[in-house]
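Let's take a walk along the place where two protein chains meet. Have the structure open while you read, and follow along one step at a time.

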Amino acid sequence: MTDQAQKEGGNAWQSEAFIKNLTKRKRAERRFRLTGLLAIITALTLLAILLFSIVSKGYTAFVQTFVTLDITFSEEVIDPNGTRDPMELRSANYSKLVQNALRAKFPEVTSRRDLRRLFSLVSGDADTKLREMVENNPELIGKTEPVSLLAGDDVDMVNKGYIDRNLIEDDRRVKDMELSWLDVLEADGDIEIHFNTGFFTNGDSREPEKAGIAGAMVGSFYTLVITMVIAFPIGVMTAIYLEEFAAKNKLTDLIEVNINNLAAVPSIVFGLLGLAIFLNVAHLPRSAPIVGGLTLALMTLPTIIIAARAAIRAVPDSIRQAALGLGASNQQAAFHHILPLSMPGILTGTIIGLSQALGETAPLLMIGMVAFIADIPSGFGDPATVMPVQIFLWADSPERAFVEKTSGAIMVLLGFLILMNAFAIFLRKKFERRW
Amino acid sequence: MQIQADENVEAQRNADHGVIIATRDVNVYYGDNHALHGVSLDINKHQVTSLIGPSGCGKSTYLRCINRMNDTVDGCRVTGEIMLDGVDIYGPEVDEVLLRARVGMVFQKPNPFPKSIYDNVAYGPRIHGLADNKDDLDEIVLTSLEKAGLIKEVQDRLHSSGTGLSGGQQQRLCIARALAVRPDIILMDEPCSALDPIATAKVEELIDELKENYTIIIVTHSMQQAARISQQTAFFHLGEIVETGDTEKLFTSPSDERTQGYITGRFG
Ligand SMILES: Nc1ncnc2c1ncn2[C@@H]1O[C@H](COP(=O)(O)OP(=O)(O)OP(=O)(O)O)[C@@H](O)[C@H]1O
Ligand SMILES: [Mg+2]
């Protein structure tokens, strides 16, 4: 062996074959790095395209067009008997005020059909606003004041540039007559764009200019609370039991295989299960966050269990032995040492599972959370919808104005997902610092 | 007359150093792997017994039988009789948690908890309720650290992490942690294998002091260490005890050829 090396004139690392092999390995490594870099660039580009398309379509959802009209709070419309009775004030016909104002502004419009078009310049939401104004301040009655009112969705679309004025009239949703009114209003400085607070405070609506995602956000919140309260403790306990207490035998192997399989089951199957158990057997309320949360908990459980088991398994056995060797019981070793040490991993897994649940639509369709619900839910048993379902509903609506709402809602959903992940990182860091 | 005096000395020694652990015909199986074959060994009280033998001969396995740590190994089965003060520790009425409080263990690789030095030592007393109040606990922690010869190095950073210590300090921290439970017996599985000569010397010194109050069983790969610190030595080979007896006698005039071979470095 040594003889041979000497005959070849030196040690192995000096031989030609060795050097050749080395250059080959270096080339392979460079190639691999390049591929990795390409992969990352591709991924980032795709992500950027996605974000750009959503943001460019959706940012206008956060602003809304308003029309300022001189509203005359005429006594004969609001309170013909002059009683100032709150009941009377409440039930008065406030849309009449808006209509009068519009008529005064455009006296040339007379035909019934044209009037209907004229009135639709202002959203149906306007009467609510006027009613609130009068109820808060009955002094207004009899006065005339400029009031900024939510514009109808067509006006909003034109104002945001989504409707092409150059199209021939028949192909256009907004007709020439309406455009001319708009131009008049514009010229008088009566059209403004404001931040759309209603998008974050309103429930869903058939009228796009009124529709908001507050209902969906609250619904998502209640649903996720249920999911977390159910899935987190059960998942973590299951993982601890399986890892630390259960005997390793055929049965636990079978359970393990099944849990892994459950994580891969299409989510709609969990929806069917939820429908069968929670609605048909347990008779819980339809469309309610409690049912949605339970269904999503079923779906999230395997994810949490798998993540928690991996985190628990990653704790070195020496820690377990140290605790047991001191006379700690299995339970003490698990809860004093293993669990705290694996908590960062468990939390990360849980939050990933919850993010999945937050973005899930299919199983919720099965349990009726897809219904149109205008009210903001005020409890776990109220009918509700969730953000992804709201996005699905809006994406399905014919009005042009819902397109931007859809993208806007997606942005809000993404924002929440980023927040949750940031929270996961925060928790992980916090726990890590303690050791 | 002379004989009688000898007998007296012998009797006194037996009183001090009577048998505390009696092992009879112990077999250990890891699944199908028969790791220990009918091991019988007596451990004397307040003495250091060292277990030597080539790698894989079952020293650690034997050690883990004594505090029933083998129970935590999946597929491990132990037969035979291990009597601690006349009670079979594998008997039905023996609680392994209690047993492990009585038989402490120091592992081959230092394994402090990723907690503060204080919490490491305080953990045992806390779970066994050995301290009534904070002062008691402080007392236990400090004396344990002192006994383990670590107090000088750590007294002003008791609340920094135990994993931030050096390897030798970590090992002494683990010894302090075992002492804090006030066991009768301490099992040490190659406690010095990761330590430099100075730290090793410190641990050896410590073991020598500890044997006044504790019974110590130590696994070691160093003949010199076994000769230096132990009074009894057992030589394991292929899952059996080949020879056991007085350390001095075993190292100077071994009766078995295999022992002779091992201690002179001819195999192992
Ligand atoms: N947890 C285990 N599972 C299966 N087999 C084991 C386990 N621990 C030890 N064994 C087997 O038991 C036999 C004895 O191992 P043991 O660890 O007791 O040897 P040792 O004398 O301590 O060796 P070393 O000096 O290398 O530490 C070996 O054959 C080993 O493969
Ligand atoms: Mg060993």
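How many salt bridges are there across the interface of chain A and chain B? Zero, going by the rule used here. Keep in mind that this is a predicted model. What the rule does find across this interface is four residue pairs in polar contact, with both partners at pLDDT 80 or more.

Now for the size of the meeting place. The size of an interface is often given as the accessible area that is lost when the parts come together. Here chain A and chain B bury about 1600 Å² between them, and 66% of that lies on carbon and sulfur atoms. Chain A puts 17 residues into the contact, while chain B puts in 22 residues.

Which elements of chain A give two or more residues to the side that touches chain B? They are α15 (317–325) and α16 (330–358). The biggest giver is α15(A), with seven residues. If you sort the residues on chain A's side by type, you get eight nonpolar, eight polar and one charged.

Let's zoom in on α15(A). Its buried residues are Ile319(A), Arg320(A), Ala322(A), Ala323(A), Leu324(A) and Gly325(A). What do the buried residues of α15(A) pack against? Within chain A, they pack against α11 (214–245), α14 (289–313) and α16. From chain B, their packing partners are α3 (96–102), β6 (103–106) and α7 (167–179).

Methods: Residues numbered from 1 in each chain as written. Chains lettered and ligands numbered in written order. Predicted model: local features only at pLDDT ≥ 70, side-chain atom pairs only at ≥ 80, totals over all residues. Heavy atoms only, no water. Contact = heavy atoms within 4.5 Å. Buried area = accessible area lost by both parts, 1.4 Å probe. Salt bridge = Lys/Arg side-chain N within 4 Å of Asp/Glu carboxyl O. Polar contact = N/O pair within 3.5 Å; in protein donor to acceptor, adjacent residues only side chain to side chain. Helix = DSSP H or I, 4+ residues; strand = E, 2+ residues; numbered from the N terminus. Nonpolar A, V, L, I, M, F, W, Y, C, P; charged D, E, K, R; others polar. Buried < 20%, exposed > 50% of the residue type's maximum accessible area, 1.4 Å probe, protein only.
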